[in-house]
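Thank you all for coming; I would like to take a few minutes to go through one model with you.

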Amino acid sequence: MGRAHGIKGDVTVEVRTDEPELRLAPGAVLATDPPTVGPLTIAAGRVHSGRLLLRFEGVSDRTAAEALRNTLLIAEVDPDESPEDPEEFYDHQLEDLEVVTVDGTVVGRIESVAHLPAQDLLAVRREDGGEVLIPFVGEIVPEIDLEAQRAVVDPPPGLLGEESEESEEIEEAEGAGAEHGRERGRDGGQESSR
């Protein structure tokens with residue numbers, strides 16, 4: 001939550017849900033981080049100058065509202081519930097899915113979903129214990145199969161930290177050319193290097 005607004009206990013809220021009308025409706029009970037602040041029950045909500053303002057039961061003045069600043073509101077979602085749009089997923093549905101490339105190579109498991117201003121990222125724990133961040137966009141993650149508990153990725157070269165076959169072929173060709181150049185240089189009494 002952000003700062004207090006007015007004198008009646010309203011607070012500004014940065015919305016991170018695609019369903020605010022469902023998750024942040026009056027009467028909704030929200031868990032909090034830190035947990036000692038909540039749970040909080042929404043008494044009223046409204047939009048003012050493009051910002052969502054919420055008022056909670058038991059928070060009736062500016063001082064009480066200001067004490068909620070920097071509190072994270074957590075809307076509990078039924079584990080069996082799915083968003084209406086088949087191309088959308090709740091974080092808990094994605095966490096722990098096995099991640100494989102389109103050719104079937106195992107990358108690792110989704111550890112968490114990072115919601116950044118530009119795009120969402122899948123934090124994937126690799127088989128070797130490392131981590132890779134994969135942009136959660138259709139071109140790179142073309143398939144999420146919840147039934148098979150699998151996410152299929154089609155990463156551009158370098159995203160997974162591995163060199164592409166094409167760049168390996170270029171390096172091999174450059175290496176052969178350099179070796180050939182050194183051999184010619186020795187024959188002429190000079191050694192050249194790149």
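What you see is a predicted model, in which local features need pLDDT of at least 70 and side-chain atom pairs count only at pLDDT 80 or more, while totals for chains, interfaces and linings use all residues. Residues are numbered from 1 along each chain as its sequence is written, and side-chain values use heavy atoms, with hydrogens and water left out.

On terms, helices (H or I, at least four residues) and strands (E, at least two) are DSSP runs numbered from the N terminus, and two strands pair if DSSP finds at least two bridges between them.

Let me take the sheet with the order 1-2-5-4-3-6, an open sheet of six strands with antiparallel pairing. Strand 1 (4-5) and strand 6 (72-74) each have a single partner strand, so one side of each is left without a neighbour in the sheet. Within this sheet, strand 3 (residues 29-33) runs antiparallel to strand 4 (residues 40-48), and two bridges join them, with Leu-30 standing opposite Leu-40 in strand 4.

The loop between strand 3 and strand 4 holds Pro-34, and the peptide bond from Asp-33 to Pro-34 is cis, with omega near 10 degrees. As background, most peptide bonds are trans, and most residues other than glycine have a negative phi.

The other sheet I want to show is also open, with six strands in the order 10-9-8-7-12-11, and its pairing is mixed. Its edge strands are strand 10 (131-135) and strand 11 (143-145), each of which pairs on one side only. Here strand 8 (residues 106-115) and strand 9 (residues 120-126) pair in the antiparallel sense over seven bridges, and Gly-108 is found opposite Arg-126 in strand 9.

Which residues have a positive phi without being glycine? One of them is Asp-96, with phi near 75 degrees, in the loop between helix 3 (91-94) and strand 7 (98-101). Asp-96 counts as partly exposed at 47% relative accessibility, a class that lies between buried (under 20% relative accessible area) and exposed (over 50%), with a 1.4 Å probe and protein chains only.

Gln-149 also has a positive phi, of about 55 degrees, and lies in the loop between strand 11 and strand 12 (150-153). With a relative accessible area of 39%, Gln-149 is partly exposed.
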